[in-house]
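Below are my notes on the model you sent.

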Amino acid sequence: MLATALVAGLLAATLVRFAPGFDADESALDPGLRQESIQALQQERSGEKHIFAFYRSYLRNALHGDLGSSRSLEQPVRSLLHDRWRVTAHLVVVGLFLAWTLALGLALSSALLQWSPYELLGTTLSGTALCIPAGVFALLSVLLRIPGEAVVACIVYPKIHRYTRNLVTRIYHQPYILSARSRGVNRARILLLHVLPMIGPQLAALAGISVGLAVGATVPVESLLGLPGLGQLAWQAALARDLPLLVSLTLAITLVTLLANCFGDVIAEAIRTNEA
Amino acid sequence: MKSIRRFALAILLAVASVSLAADWISPANYRTQYREVPNAPPSKQHVLGTDSLGRDRWARLLYGTRVSLTLAPAAAAISTLIGVLLGGISGYLGGVWARLAMAVTDLFLSLPWLFLLITVRALLPLNVSPYASVSITFLILGLLGWAASARVLCATALSLRNSSFVLQARASGLHGARLFLVHVLPNLKPVLLAQFWISIPVFILSEANLGILGLGVTEPLPSWGSLLRELESLLSLHQEPWKLAPLLVLVLVVTSFQLVLSNEEIAT
Amino acid sequence: MIRRVLWLAFLMAMSSFPAAAQGGGELRFCLRGEPKTFDPLKVGDEPSLSIRYLTGGVLVRVDRKTQELQPELATSWKVSKDSREITFTLRPGVLFSDGTPFSTDDVAYTMQRLMDPSLHSSTADAFRSGAGAVSTKVTGNNRISVLFPAPVTGLDRLFDQVAIVSAHSPHKDSAVLGPFVVAEYKPGSSVLLHRNPNYWKKDTQGRSLPYLDSIRLDIQPNRDIEMLRFTRGELDLINALDAENFDRLASTNSQAAHDAGVSLDSEQLWFNQVSTAPIPAYKRAWFQSKNFRRAISLAINREDLARIAFNGHARPAAGPVSPGNKFWFNAKLTADRNDPAAALQRLQKDGFHLLNGVLLDKDGNAVEFSIVTNAGSKSRERMAVLMQEDLQKIGMKVNVVTLDFPSLIERISQKFNYEAALLGFANVDLDPNGQMNIWLSSAEDHAWNPLQKSPATPWETEIDRLMRQQASTSDPQQRKQSFDLVQEIVVDQAPMIFLVNKDALSAVSSAIGNADPVVLHPQTFWNAEKLTLNSSMRASR
């Protein structure tokens, strides 16, 4: 897992370093700045030009707790991350809870009720949520005074819902389930004791993925709502090609993603073993 | 539910036909600017009004539908195919293959692909045609959008490889690709269909957002995504509800896709 | 009778009080981005500029309304004839926000820090007119002279940007001389300013300024959300309001929508004339042709740009200087009127001709080029699409490409792999000397062909000469004469095709008293120390 994270950091640094605009700075368009000043400001990035040397130096310093300094915000990266991670964590945790509650609730209730109009309503709701741009959600949330966590949930839930609904429906039509249904076994019992365990590994994998989806959703949500979290920081860093900040954020996001997916894999394996 | 599916199919065909016939049925060219009537409300001449540059909204919706309805499903198919090849097959093989594939997937999910997209834009000539630009954008989205579904497919395939019917098939001499295609792949369909269906609107919206990098559809060609970006001026929507037309069409198409693609029905 | 007169006099005296005998309250508005620095000498981005304006004390201030220079921390000043020395007489009895006395030491220390070779900012570079050290000399009680190695044009006005920092305060970073002091900074969220309890300025009744207790600056890049919050009463001001939101506000609350008239901002299009640019030689030949550029200027419908892209809150630009810049604007210049026939005639002089609606050059190449601009600016994107259609009418195919800012900057200032660019000037300095780096052919911001070793064309040679001429004299009329000629050459040769000058639009809540939005930055809070807040009116919105 650590190796994957380190490779991710290096690849991210490479992508940023060789993307257009790395050497460019808004100061180049400032008519008040002389050529010498513009060159001096560009020279400040010289340590970042050789990517392997930069990454080596970055990791060496990171071992001592020094994540470098953000060029665009002129603050230590460590304090930037420290100041903002709570906002993002709150958005992600609460947003995911709401998203899963809504998605599972809709999918399972649809299977329970077995009623086409309800199924159609669920499909239309999640379809509509998928079609609305994040910017519109953000504006709606300000208009209706809905917290950012709900916006994250609205962005993430339709993806979870669709997978869950399809998986539930697929198992619901398996011969042994049909047999149980025909013998009059309670639908809720079928769902909880027979359907959910069968799709447990997939749900566990989906849970891991959903963490990544929620973290990704924080970028537009925080940027648009002006929430001082890591997502907003990531967007600012991307626009400014702020290499130390971007590498740190990539490492953080990779570790979170890996942990979430690893956790999902462990649960999935446990369920499979149990079933076997 | 069968009648609903037929109805949904009819809607899809109708939308596709109308958009393909845009050249004949559109009252105006999508780029013609009626500069004396910008931001006009619906009227006989402009049934959905005009946009901020005086262009007929109905014409732009027709042509935008043609662009997005062709390319978004194609990109969704690409991402689904890559997902099943990487996730499905690695899960079926299991062991070190599954672990390797998932490590690659996790790596893929973590990287800031924004910078790859910026680099792609830099490599493209500035004078690339709007159709080429939007096609390349959707292709890239398809090539980058497989990772989440690959994970779920891998988990599903891992569960299936030790299921009783697969073991039975193996015992009766079925192996390798044939076993995968006949017994495993059909059971991956719920995830595949979900991935395909989710990808369509996600790619449409992503294409619009990529305009900030110089990718996506370029003016004056419209796409659903570029039309939906107008909704971000939400403050005027209650006075100009006709601006919601592209969103309604997209929701209709996306819902219809799901109803058509849904294999199992909820029994009534 | 006497009682009646006295009563009347009392009433008149009461009515002459500033429009809120209520002091106090917290003003709220937004910054469009994160401030990059709180060091007033390093400021370059707009959010940091706004904070510096509110917290920094300066020796002299350009009155944003009259555009005249006014005394501030200096009661008087004198610039030497050769513009190499300026002497300030400082205001006595002034204290920093932490109580430290203000003296000549602080001015000397500020200049020393400003002129440090390792400090790179536009504030500092404005004073770097030549090689050699800048020195200060205390010439009397509260009198200090600053000496420069070479003449600095417009020397006194440059001190409007120099916020004096403390030499002796134990809290050097936070001690300020302006009306407000930074009390709290929540990264990504907000900046809170409290009133400076030791601010030196008093109103005509002798009351200490500022009237406000505090200012809260929320960090909010999204203009629609900013607008929404303003209409809900959560914000009191919006600076630099865009045209769409202005019209929206004007239709519901016309008192809050302010149009201060034409701003100094402009939008312009230019073509890449760099000889080593990686573009086809035949295209470079087009862009280097005056006839081609003038034809483009004639083909563009500026009236439509102003009317449609800016909802009528802009006007066609006649040249590089906006009429909002009262003194420096060349009133002889007029904007090119849209005339496609005249445009085609110009092009024919260079051998261009139309074939089946497509314009071809003399070698048969179809005229097709791209315009790059920054993404995220709706008005700029609309302008580009409007121009695309205008130029299509004369057979040109134009591709509009919006890019993220760093990619755009790299293309137009480093790699030069672009064909035409559409950008704008904002927060422009009144004095043309602030634009030396644009007009001098050897300068880095000479957008169409920067950093020339020697001028590529006779007209650029002439512009170089005229710009240096206006910089070498302190006589305003002589300077204006030279710069008027520069403007005429620019319009004639059209290396930059000036399109529109935008109006200065802003929103001010009716709860704010003494607000008087102007054209110069910062439009709405230029007189922040005199703004008042009627809390009951805010509550009733």
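1. The charged end of Arg162(A) sits over the ring of Trp197(B), 4.9 Å from the ring centre. A charge counts as over a ring if NZ of Lys or CZ of Arg is within 6 Å of the ring centre and within 35 degrees of the ring normal. In chain A, the charged end of Arg17(A) is placed over the ring of Phe18(A), at 5.2 Å from its centre.

2. The model is predicted: local features need pLDDT of at least 70, side-chain atom pairs count only at pLDDT 80 or more, and totals for chains, interfaces and linings use all residues. Residues are numbered from 1 along each chain as its sequence is written, chains are lettered from A and ligands numbered from 1 in the order in which they are written, and side-chain values use heavy atoms, with hydrogens and water left out.

3. Over all chains, the whole structure has 31 aromatic pairs. Rings of Phe, Tyr and Trp (its six-membered ring) pair if their centres lie within 6.5 Å; planes under 30 degrees apart are stacked, over 60 edge-to-face, and the rest tilted. One tilted pair is Tyr199(C) with Trp200(C), 5.9 Å centre to centre and with 55° between the planes. Tyr199(C) is buried at 5% relative accessible area, and Trp200(C) is buried at 17%. Buried means under 20% relative accessible area, exposed over 50%, and partly exposed in between (1.4 Å probe, protein chains only).

4. Phe425(C) and Phe498(C) have ring centres 6.4 Å apart and planes at 45°, so this pair is also tilted. Phe425(C) belongs to strand E18 (residues 420-425) of chain C and Phe498(C) to strand E19 (residues 496-508) of chain C, so the pair ties together parts 73 residues apart in sequence. Helices (H or I, at least four residues) and strands (E, at least two) are DSSP runs, numbered from the N terminus. Phe425(C) is buried at 18% relative accessible area, as is Phe498(C) at 4%.

5. Ring pairs also link a cluster in chain C, made up of Phe271(C), Tyr282(C), Trp286(C), Phe287(C), Phe292(C), Phe352(C) and Phe369(C).

6. In chain C, 4 strands form an open sheet of mixed pairing, in the order E1-E10-E9-E8. Two strands pair if DSSP finds at least two bridges between them. E1 (26-31) and E8 (180-186) of chain C are at the edges with a single partner strand each, so one side of each lacks a neighbour in the sheet.

7. Strands E9 (residues 190-195) and E10 (residues 214-219) of chain C run antiparallel and are joined by 5 bridges. His194(C) has Ser214(C) in E10(C) as its bridge partner.
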